[in-house]
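Here are my notes on this model, point by point. Please read them with the structure open.

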Amino acid sequence: MNTKIVKSLSFNKKTDSKANQKGFLGKLGSPFTTQSEPVSPVGLPPSSHSSSKLSELSFVNGSNLEEKQLFEDIEQCRIALDHFLNSNINGAEAILKPHYKDSMYYSLGYSFILYLKSVMTFQEDDIEATLSVLKHTIQLAGNLRKKENSWLGSVTSWVKGTTLEDVKSMTIVERHAELVYAEAYLLKALLSIIHDESVMSFLRESLNIRSSYSAYMTLEKYVNQVNENEKTYSSLDNDFTSGVSLGVGCFSLILSMLPASVVKVAELIGFTSDRAHGLKVLESVGGWDKHHDGSIPQEKDINTGLRSQLCNMVLIVYHVILSKMIPLSNVDIPFAETILNNCLDKYPRGVFFLYFNGRLMGSKKLLKESEKQYQLAIDTQKDWKQLQHMCFWELGLIYIMEQNWQKAYDIYTVLQRDSNWSKAVYTYLKAVTLYKLSEVTEDTTIKADYMNQVVEYMNQVTGEKQKIAGKSIPMEKYVARKARKFLSQNNYLLLPDLEILNAFTAYDFMSVDILQNGLSRINTEIARLESTSKENRNNFYYDDLCLAEYLRAITCRMLFDQGFDTEIMHQTHEKSLQFVFNNANKIELDHYIYYFSHYEKACMLILDKDYTKAESEIQIVLKANDRGTYSIGSGPHAKNKYSLASALVFKCHNCMTKIKSESSSK
């Protein structure tokens, strides 16, 4: 491996010397604070990790020494993972890095840390270093996998993949090698698709994902067969079974969320989609499958395998994070809260769990509590500023909701400078928050200076777009369009803060008072627009009016769902959406409003439990996408694909699943 690249990955680099600056950003801590000094435990050196050593041991004393070494390595990786989950990343790295070249599990653990870092930074050096370590992990696992005795057997294995009979004849070490091989290949494939934008790379890595999936399915069949034959006591170790469950569960959940057309194609090449099975498999690892009542599993029911906490994290992400982004079935937030609290008891300093708790508090409309959790996570995590950026992002949305424009602007200034996730989005959000700050600034000189900066930022947005796997990022295309609209309208946008909050599905976190304030602002803008004489209306008059009515509909549904003035909210919701449908053909630029309004109507119909009509609204969006014909609106772009179309279609497909699930349980 290129040692020069590895050197560049040290997580102990000193941060900005302005660490102790005062003010809001200084209090936030992260990119400006010095790193913590965690204990740096040293893992036990793998005394016999190379394949040659293993072969020698096997010759001397059968497979017992191989197995002993395997489980010693796993135990050290478990200690490293505990450090990692409790925010001592330096400590985890100190255990794994010295031995990753010689041990399959050390290598897997180290590559997992590098993988997380690379997807957070999107730095070329980080990605290349991660791919290098993953390739090494694959090589180490490949050396320990079961070998075929003949060239014919090798060819057959290459064509058919690993079979159930193959797994049955494997040693414990070989089965673990098969599992690690599948895990490492999956991580490498996902990262390579982002890194290498060529068609050949996409096809090659897609085949690798398919091979990884096939391996997981075969290993699951083996686990199920062993458990069926050994009902009182399983001879399988928890480290192996938790790994199989993690892979099967993740694949099942991800495939279940894909559009039906994609799933049909995936099924033709061997993939299967079963959300309920995926959740059950993940729950069974921690013994949670029998504890949806809020109780805690007994120790004897818990699989304490190496990947058990990762299974818990996937469950929390599904119920707490994803369920607020897209409409999902089988969501149980109280159940996820029980799992999360249990994880926080074990890892009280864990930045991931503190972040999850911040999202959970947000879903309960407790924004101050949510803010405290994010701040605690920022103060706790000093090793990776990229992990802090997750919390910065959430804080920025909270400050926009609370109309705390200065704090929001400060947050996006930090993110735009230090994070590589999306410069275009950060720059746009800097512009929007400064634009709103200028509106409440009384000093004319300062206001003019703010607006000059806003114009400068808006001009930068389009040039900061990037591509992943050769494709533009939909959200970046969206904010670039909004920035161009701002400039074409003589430096003006209608309610840009509420519009972007909707784009990031943040309305679910708004309390009644915030929603009421937003409704008042929307009503004021609608009254102003309606009172504008025809001769004074600009070319985008109906874009603004339809946007305001659409935002009013969303706000009314949220207030309705929280039990506020339900009859009036329901009536206003219906009236606003009908206005959009009646005037959609007059929209010049923001054609997305029409399609999102049909989705919005479906959301209210689901609350009304009118599932048949809700499905009809969803079908309007899906049929337009299937045909590829978009003929709503006016202007030269009326027939083009609208902003965030893929995101909406993704939501609609999952909404259909939710409709079917809820209607069948009536």
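1. Asp-239 forms a salt bridge with Arg-78, and the closest N and O atoms are 3.2 Å apart. Asp-239 sits in helix H12 (residues 238-256) and Arg-78 in helix H4 (residues 64-85), so the pair ties together parts that are 161 residues apart in sequence. Asp-239 has 8% relative accessibility, so it counts as buried. Keep in mind that this is a predicted model.

2. The overall picture comes next. The chain has 30 helices and two strands. It runs to 666 residues, of which 54% count as buried. Take the contacts between residues at least 6 apart in sequence: 70% of them join residues at least 24 apart. The chain exposes about 29500 Å², with carbon and sulfur atoms supplying 53% of that area.

3. How many salt bridges does a search of the whole structure find? The search finds 23. One of them links Glu-439 to Lys-436, with the closest N and O atoms 2.8 Å apart. These two residues are three apart in helix H21 (residues 423-439), so about one helical turn separates them. Glu-439 is partly exposed, at 42% relative accessible area. Lys-436 is buried, at 7%.

4. Now look at Asp-590 and Lys-485. Their side chains meet in a salt bridge at 2.5 Å, N to O. Asp-590 lies in the loop between helix H27 (566-583) and helix H28 (592-607), while Lys-485 lies in helix H23, so the pair ties together parts that are 105 residues apart in sequence.

5. Lys-465, Lys-467, Lys-471, Lys-477, Arg-481, Arg-484 and Lys-641 form a positive surface patch. Which element gives the largest share of the positive patch? Helix H23 (residues 474-488) does, with three residues.

6. Strand S2 deserves a look as well. This strand (residues 471-472) holds Lys-471, a member of the patch. Lys-471 has 60% relative accessibility; the cut-off for exposed is over 50%, so this residue counts as exposed. Ser-472 is found in strand S2 too. Ser-472 counts as partly exposed, at 31% relative accessibility. Leaving aside residues up to four places away in sequence, Ser-472 touches Gln-466, Lys-467 and Lys-477. Among these, Lys-467 and Lys-477 belong to the positive patch.

How values were computed
Residues are numbered from 1 along each chain as its sequence is written. This is a predicted model: local features need pLDDT of at least 70, side-chain atom pairs count only at pLDDT 80 or more; totals for chains, interfaces and linings use all residues. Side-chain values use heavy atoms; hydrogens and water are left out. Patches are made of residues with over 30% relative accessible area and no salt bridge: like charges are joined within 9 Å, nonpolar side chains (Val, Leu, Ile, Met, Phe, Trp, Tyr) within 5 Å. Accessible areas come from the Shrake-Rupley method with a 1.4 Å probe; for residues, only the protein chains shown count as cover. A salt bridge is a side-chain nitrogen of Lys or Arg within 4 Å of a carboxyl oxygen of Asp or Glu. Lys and Arg count as positive and Asp and Glu as negative; His and the chain ends are not counted. The place of a charge is taken as NZ of Lys, CZ of Arg, CG of Asp or CD of Glu. Helices (H or I, at least four residues) and strands (E, at least two) are DSSP runs, numbered from the N terminus. Buried means under 20% relative accessible area, exposed over 50%, partly exposed in between (1.4 Å probe, protein chains only). Contact means heavy atoms within 4.5 Å.
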